[in-house]
Amino acid sequence: MSKPVRVAMIGLGFGAEFIPIYQAHPNSEVIALCRRNEAELNRSADQFQIERRYTDYDAVLADPDVDYVHINSPIPDHAWMSLKALDAGKHVMCTVPMATTIDECRQIVDKVNATGLKYMMAETVVYSREFLYTKELFDKGELGEIQHLAASHPQDMDGWPNYWEAMIPMHYATHVVSPCLGLTDALAEYVSCFGSGRVRDSIAEKSGNRFAVESCHIKLKDSDVVAHIWRFLYDVARQYRESFDVYGTKKSFEWTLIENEPHVIHTAKKPEPEIPEKIEVPDFASRLPAEIQKFTLPSEIHDSEHLSFVQGGGHGGSHPHLVHEMVSAVLEDRDPWPNAVTSANWTCVGLCAHESALKGGEKVMLPEFTLQR
């Protein structure tokens with residue numbers, strides 16, 4: 001493609017954060033915005049000087065100038081919007097999770113295979129500076145052999161939009177699944193998960209889930225490594241934390257227990273007091289085109305009131321990396337990372353985990369279509 005990749009942004013709450021990145025990227029442009037609320041649509045479009053404004057998703061898909069849609073709609077809309085876009089011949093980048101059922105994940109994978117179009121789940125954690133740092137250590141051999149992985153995502157969702165009250169903790173688990181699998185580019189083979197405690201009756205009635213916490217072990221395919229992840233959304237006292245820990249034979253990385261404090265590297269065979277070392281994780285903006293490097297910095301977040309950023313600290317500088325990966329994949333005619341199968345595997349871990357919890361921890365295999373990439 002000689003022209004810039006032309007993107008339509010779908011959903012303009014969280015989605016609006018990506019518009020200036022696309023506008024600054026040397027190989028992309030946002031040519032259309034779509035939001036149900038026309039007044040809010042016009043406000044965003046005026047702010048970013050974008051002419052094409054749609055309140056109807058079908059009208060976006062009928063626009064022949066749109067190369068791909070970047071979906072940032074509420075979670076129940078992810079699957080059907082992705083499928084309609086693929087049917088319309090558009091590439092898709094969609095925020096997490098891919099879908100809310102295993103069958104929807106299967107449909108998206110099948111549609112991508114049938115059409116040859118690109119699909120990328122915009123998982124922030126695997127483009128965060130913490131993940132890129134540990135991945136670099138792993139690739140250089142500094143961690144040694146990986147022995148165990150762990151990740152947690154406690155987050156009190158009181159005060160968020162009401163639809164979160166219907167969410168099951170493990171159905172929104174990709175932020176903890178992805179670093180555990182992504183570090184070695186592994187897939188999950190099977191899971192065993194337990195539910196613990198109970199949420200208040202009003203939450204249990206809306207979600208159909210009584211567990212306050214869901215705690216899952218993941219068996220990595222073709223590996224002797226197991227990862228442990230846990231999630232909660234309501235009724236547990238804990239500061240926000242979106243973490244992962246990596247334990248190797250030479251070095252281990254542990255996420256700080258308190259947000260905004262230093263992470264820790266443990267180095268084997270040093271004198272005991274010298275094993276742990278507080279570290280400052282570097283930024284990886286240099287991997288990006290110069291025009292969008294500044295967007296890895298929290299100071300460039302233009303909606304500092306959005307809870308996603310207040311709690312997530314800008315998602316570890318991941319947003320410009322996500323944009324660059326998808327734009328590059330379209331231009332280079334290659335699969336983005338994560339592609340449809342990997343995205344389905346990461347998403348289905350949580351769906352299978354909740355199934356396991358309902359069965360008292362029974363082992364549940366990942367569906368075969370998530371293992372064939």
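Student: Which residues is Asn72 in contact with, leaving aside its neighbours within four places in sequence?
Tutor: In this predicted model, Asn72 is in contact with Met9, Ile10, Gly11, Phe14, Gly15, Phe18 and Thr95. Asn72 itself lies in the loop between strand 4 (68-71) and helix 4 (78-87).

Student: Why is Asn72 called buried?
Tutor: The relative accessible area of Asn72 is 9%, and buried means under 20%. Asn72 is therefore classed as buried.

Student: What makes the pairing of the side chains of Asn72 and His70 a polar contact?
Tutor: The two side chains are 3.4 Å apart in this contact, and the criterion asks for a pair of N or O atoms within 3.5 Å.

Student: Why is helix 5 (residues 102-115) described as roughly antiparallel to helix 11?
Tutor: The two helices pack at an angle of about 175°, with their axes 10 Å apart. Angles over 145 degrees count as roughly antiparallel, which means that helix 5 is roughly antiparallel to helix 11. Helix 5 contributes Ile102, Cys105, Val109 and Val112 to the contact, and helix 11 contributes Ala340, Val341, Ala344, Thr347, Cys348, Leu351 and Cys352.

Student: How do the residues of that contact divide into nonpolar, polar and charged?
Tutor: Ten are nonpolar, one is polar and none is charged.

Student: What makes helix 7 (residues 174-182) largely enclosed by the rest of the structure?
Tutor: Nine of its nine residues are buried, so helix 7 is described as largely enclosed. Among them are Thr174, His175, Pro179 and Gly182.

Student: Where are Asp235 and Asn260 placed, and what is the phi of each?
Tutor: Asp235 is in the loop between strand 10 (226-232) and strand 11 (243-248), with phi near 65°. Asn260 is in the loop between strand 12 (251-254) and strand 13 (263-267), with phi near 75°. Each is a positive value in a residue other than glycine.

Technical notes:
Residues are numbered from 1 along each chain as its sequence is written. This is a predicted model: local features need pLDDT of at least 70, side-chain atom pairs count only at pLDDT 80 or more; totals for chains, interfaces and linings use all residues. Side-chain values use heavy atoms; hydrogens and water are left out. Axes are lines fitted to C-alpha atoms, for helices over the stretch in contact, and angles run from 0 to 180 degrees between N-to-C directions. Helices (H or I, at least four residues) and strands (E, at least two) are DSSP runs, numbered from the N terminus. Angles under 35 degrees count as roughly parallel, over 145 as roughly antiparallel, 65 to 115 as roughly perpendicular and the rest as oblique. Contact means heavy atoms within 4.5 Å. Ala, Val, Leu, Ile, Met, Phe, Trp, Tyr, Cys and Pro count as nonpolar, Asp, Glu, Lys and Arg as charged, and the others, Gly among them, as polar. Buried means under 20% relative accessible area, exposed over 50%, partly exposed in between (1.4 Å probe, protein chains only). A polar contact is a pair of N or O atoms within 3.5 Å; within protein, one must be able to donate a hydrogen and the other to accept it, and residues adjacent in sequence count only if both atoms are side-chain atoms.
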